[in-house]
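Open the model in your viewer and keep the selection panel at hand. The stops below go from one contact surface to the next.

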Amino acid sequence: MNKFKKYINNVNISRFRFWFQIFAFIIMVYGGFLSIDIGENLPTFSCPYIDKGGGTCFLMGLQHRFTLPIDQLISFRGLAVLTSVLFFVSWFIFFNKAWCGYICPLGTLQDWFTKLRQKIGIRYSNYSEAKFKKLKKIKYILLGLLILIPIFMANSIPFIGKLSHDWAVPFCMICPGRTVLPLFQGDASQLVIDYGSKTKMIFTVLGMAITGMFFAGAFFKKRFFCFFCPMSALQFIFKKLGFLRLIKDGTKCTKCGDCYRACDMGIREIADDIESKDIIKDDCMMCFKCVAACPEEKCLKVNFLGKTIYEATEEGFYKRQKGKK
Amino acid sequence: MKYFAGIDIGSTSIKIVITDEAEKIIAHSVNATGANFHKNSMAAFNSLLDKENIKRDDIVYIASTGYGRKLLKEADETISEITANAVGARKTVTGGKVKTVINIGGQDLKGISLDEDGNCGNFVMNDKCAAGTGRFLEMVARTLETEVGNLSNLHFSLKGVPAVINSTCTVFAESEIISLLANGHSHEGIVVGVHYSIAKRIARLIKRIGVEDIIFFDGGPAMNKGLVEAVENELMRELFIPEIPQITTAYGAALIAKEAYEEEAVHA
Amino acid sequence: MEKERFEKVRKHVRSEAALEAGDVLNKIKDNFPDNPEGMNYFYDLLSRQFSEGILPKNGKKVIGTMCVQVPDELILAVDAIPIRVCSGSFPYDNAGAEFMPAKTCSMIKAIMGLFSVENYQKKFDMLVIPTTCDQKKKTTEMLTDMGYETYSLSLPSRKDNDNSRHYWQNSVKEFAADLMKKTGKKITTSNIKKAIDLKNNARYEFRRFFNLRKKSPSVIYGKDAFLVANAYFVDEVESWTSALKNLNDELEKRVNKNFSIVNQKTPRFLFTGSPPIFPNMKIPLLVEEAGGLIAVDEVCSSSRLLYDMPAYDEGALYDMIPAIADCYLKPCTCPCFVPNEERKDKLANLIDLFNIDGVIYQSFSGCQLYEMEQKLIGNFLMEKGIPMLYIESDYSKEDTGQLSTRIEAFIESIKIKKKSDLKGKRATK
Ligand code: SF4
Ligand code: SF4
Ligand code: SF4
Ligand code: SF4
């Protein structure tokens with residue numbers, strides 16, 4: 001048992017993750033061809049705009065469900081919203097935010113861009129501390145809007161009235177999942193500007209612009225889009241329920257910052273916070289690169305239902321650093 | 001009968017205390033250290049035994065302490081004077097807990113703070129020089145052409161204002177006193193000035209470890225009532241002065257000897 | 001004439017220094033039982049350092065360093081030899097005292113004495129001195145004035161924010177560029193990777209050593225542990241690493257056989273403060289001769305030296321050099337940083353890991369940083385109920401008698417405390 005534990009702790013997590021992500025990507029993007037359908041309400045960008053994807057993104061359904069008049073929303077029809085959230089949570093609960101680190105096809109795609117940049121040998125860029133604090137709020141604003149806009153489609157706002165139908169699934173309209181992921185099935189049909197109405201046009205142009213930014217951003221900044229992702233914000237609300245946990249023992253931490261260096265999301269607290277035990281922050285994608293980069297015995301840990309499945313060790317650290325190309 | 005001996009070999013005098021099993025002092029002596037302090041300690045020890053009619057074999061355990069402690073091969077145990085002093089002081093005072101010990105030796109100045117259990121918690125010592133120690137008082141007495149034992153009398157017969165002594169360094173203080181004398185200051189005024197300058201130094205040192213009642217003040221200079229008054233005024237607290245201020249440390253060593261003896265007996 | 005006098009002084013100081021080193025080494029070897037075989041390498045190395053000098057004879061460029069913050073991976077990468085020149089020698093301290101202000105710390109005086117007495121101008125291609133304390137800073141200028149090629153490595157006073165991190169990363173980058181210019185060698189991904197691995201191997205063995213010291217009762221004395229780390233100052237990394245590996249294997253056997261050099265009752269100390277550098281082993285020796293054991297230390301000449309390891313994420317210079325830089329700044333507990341809460345955390349962690357009964361805090365007289373931080377650390381330890389002995393001292397031996405009394409009293413008080421703790425435990429059982 002001890003040997004097995006040691007083996008796991010010595011694992012090169014980046015390599016494991018690389019293959020796991022490819023596997024998950026295939027299921028999410030090509031699942032339909034293999035007659036796999038994981039289901040609806042997934043806490044990840046398994047986008048239904050992909051013709052034969054392997055599951056459905058929760059955000060799409062969420063935006064639809066909120067297009068109900070308020071009185072219905074609080075009546076029994078609201079139950080539909082509730083059950084869908086329940087489904088979402090039960091999916092989420094197993095992997096917690098590791099959905100982002102290991103499964104989300106859009107996340108994986110960004111990691112591939114990072115790999116490409118590294119191959120070419122171009123430096124990455126980072127946000128300063130102040131910028132980081134400002135920008136990280138955007139995802140909550142997006143989350144708010146993607147719920148409020150559908151509500152205002154069914155309920156009138158004073159002076160403006162109801163929003164037209166062109167406002168449907170507003171986040172999907174600007175989500176790079178819709179434009180980019182279908183490309184992997186050779187489907188570029190989402191990459192068009194819809195001149196049907198002014199609103200539609202603005203949305204699709206915005207969507208195209210964001211797609212462009214998605215590519216350019218992901219190239220220079222690790223996980224550029226994830227930083228703004230409303231799914232990430234939504235997940236964070238439920239993080240306390242997750243079975244999978246990232247745990248830190250602050251008494252063992254030297255604040256060396258090795259973990260922060262490894263963190264693609266640039267989360268400073270992972271190194272500097274020695275108080276919190278449950279160290280998952282809203283931007284974290286639970287990739288566990290930090291655990292692999294920490295040189296202090298048992299300082300960072302991955303727990304599943306309270307049991308440690310992976311932890312920082314001196315030996316693991318040493319082996320991984322030595323094995324670096 | 002079983003007896004225990006504590007021998008405190010200091011820089012100026014050798015103090016010996018012999019206790020019985022009830023931890024009562026049954027004999028004690030204070031002798032000059034001299035040049036060969038190993039020989040002198042043993043001589044003092046033997047003559048004390050003779051005087052008190054104690055058989056050497058009845059002394060079952062000897063603990064040595066003080067600067068010369070390690071060179072006394074006859075000792076069964078050596079203990080630092082700080083620990084011995086703390087132990088002795090704690091036992092000497094019966095009506096309460098000693099929290100602070102101030103000790104002035106021939107060449108040093110010590111402050112010890114005791115914790116709740118009476119163990120030595122923290123302590124300070126003067127650095128390298130003899131400022132404010134027994135040696136300093138001797139220099140003063142010599143310069144004023146009197147005896148150390150007379151300083152207290154001079155202190156209390158002062159009429160008028162005391163002199164101010166700025167230097168605590170023995171050498172500089174000496175020349176300062178000489179020039180004070182030349183300027184017509186009275187002996188009494190100078191002695192009071194000296195006592196206060198020592199007291200100030202003690203207060204500064206002792207405050208580093210915190211002062212708490214009961215304050216135990218021992219060592220030869222504690223016999224000097226003038227100095228005691230000065231220290232009490234500087235600390236603004238009362239001091240506890242033991243009956244024979246020189247032998248507390250030796251007494252502590254004897255107590256430790258007893259403890260060590262009993263412990264060995266348990267293990268044997 | 002002047003030259004002749006100078007020669008005479010040099011000869012005199014050198015022989016005094018060799019005498020002192022030999023004397024201390026004998027004490028270290030002869031006054032203690034059960035020295036591990038594996039220590040012989042280190043004893044020999046340090047004795048040679050004083051009889052033959054510290055300079056390697058293989059024609060490589062030599063870069064002298066001070067303090068722990070100089071990233072020697074960079075020096076190794078350009079195929080030069082880093083030598084830490086912080087000195088613990090009293091004769092050199094004396095030599096330095098001739099022209100240094102009286103209240104200068106002994107280490108600085110010894111360094112200045114060393115470089116004024118020895119004509120090292122041609123022997124060291126560069127002396128790299130981080131801007132840690134004020135005395136080190138001015139040392140740089142004084143050495144320049146004496147004709148040495150110096151490099152002042154700009155270290156920020158804070159380490160807890162992005163600005164200082166980037167400032168330091170840039171400092172290190174500039175230093176790398178300067179090194180390349182000086183040596184005519186380029187730093188590449190492959191040679192820096194090699195240098196990192198080389199030093200990480202050393203660090204790995206050092207951590208093994210560190211972990212072996214956790215065993216209680218201990219398998220090795222603190223005086224030996226200090227020497228091991230001190231030897232790293234002047235040794236070549238590879239040979240040092242393999243010598244330590246041997247020692248570790250031997251100690252591992254001791255652990256497995258349940259062999260220890262002291263017993264259960266021996267008080268275990270944590271040593272912190274100004275760095276003991278061979279041959280200035282005054283305080284550690286006094287502690288261990290009086291029956292204490294220095295189980296672990298938190299000083300820049302030992303545990304701080306090789307503990308922290310850098311982690312780079314991308315194998316490219318733009319990531320590797322900042323990663324090295326970070327590792328010398330962020331976890332460093334040098335009192336030149338403010339705030340330095342990490343030092344308290346570190347001490348607390350060591351006290352836990354090593355089963356510590358008390359802390360010995362040494363300040364060199366004249367080192368304001370350690371002297372002042374003593375108060376903060378003292379308060380912190382008091383709150384935790386860990387006794388601390390504060391000792392202010394220098395390289396001279398004058399105060400040995402006084403110090404031994406204080407140290408013995410401290411050890412006695414801890415023994416008494418340990419005994420009553422044990423009794424208490426027995427009573428509750
Ligand atoms: S945060 Fe990133 S990985 Fe997570 S759902 Fe959003 S895009 Fe995917
Ligand atoms: S467009 Fe984006 S939000 Fe909408 S369903 Fe696809 S992945 Fe989800
Ligand atoms: S904090 Fe750790 S698990 Fe979370 S994103 Fe950063 S490296 Fe990954
Ligand atoms: S890598 Fe580990 S020790 Fe270093 S800052 Fe992160 S958690 Fe702390």
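**Stop 1: between the two domains of chain A**

Between domain 1 of chain A and domain 2 of chain A there are 4 salt bridges, a salt bridge being a side-chain nitrogen of Lys or Arg within 4 Å of a carboxyl oxygen of Asp or Glu. To see a salt bridge, select A:Lys139 and A:Asp283, whose side chains meet with N to O at 2.5 Å.

This is a predicted model in which local features need pLDDT of at least 70 and side-chain atom pairs count only at pLDDT 80 or more, while totals for chains, interfaces and linings use all residues. Residues are numbered from 1 along each chain as its sequence is written, chains are lettered from A and ligands numbered from 1 in the order in which they are written, and side-chain values use heavy atoms, with hydrogens and water left out.

Colour residues 14-235 of chain A as domain 1 and 243-324 as domain 2; the bounds come from an automatic or database domain assignment. The centres of the two domains, taken over C-alpha atoms, are 27 Å apart. In contact (heavy atoms within 4.5 Å) are 26 residues of domain 1 and 20 residues of domain 2. The two domains bury about 1,900 Å² between them, 50% of it on carbon and sulfur atoms; buried area is the accessible area (1.4 Å probe) that two parts lose on being put together, summed over both.

Polar contacts link 13 residue pairs between the domains, both residues at pLDDT 80 or more. A polar contact is a pair of N or O atoms within 3.5 Å; within protein, one must be able to donate a hydrogen and the other to accept it, and residues adjacent in sequence count only if both atoms are side-chain atoms.

**Stop 2: ligand 3**

Select ligand 3 and show its surroundings (residues with a heavy atom within 4 Å). Among them are A:Cys263, A:Cys284, A:Cys287 and A:Cys290, along with A:Met265 and A:Phe288. What classes of residue make up the shell around ligand 3? The shell has 9 nonpolar, no polar and no charged residues, where Ala, Val, Leu, Ile, Met, Phe, Trp, Tyr, Cys and Pro count as nonpolar, Asp, Glu, Lys and Arg as charged, and the others, Gly among them, as polar.

**Stop 3: chain A against chain C**

Next show chain A with chain C, where 36 residues of chain A and 30 residues of chain C take part in the contact. The buried area is about 2,900 Å², with 43% from carbon and sulfur atoms. Pick A:Arg261, A:Glu314 and A:Tyr318: they supply 23% of the area that chain A buries against chain C, more than any other three residues.

The interface of chain A and chain C holds 11 salt bridges. One to display pairs A:Lys289 with C:Asp313, the closest N and O atoms being 2.9 Å apart.

**Stop 4: chain C against chain B**

Finally, select chain C and chain B, with 16 residues of chain C in contact with 18 residues of chain B. About 1,500 Å² is buried between these chains, and carbon and sulfur atoms give 49% of this area. C:Gln402, C:Thr405 and C:Glu412 supply 34% of the area that chain C buries against chain B, more than any other three residues.

There are 2 salt bridges between chain C and chain B. Zoom in on C:Glu408 and B:Arg69, which form a salt bridge with the closest N and O atoms 2.6 Å apart.
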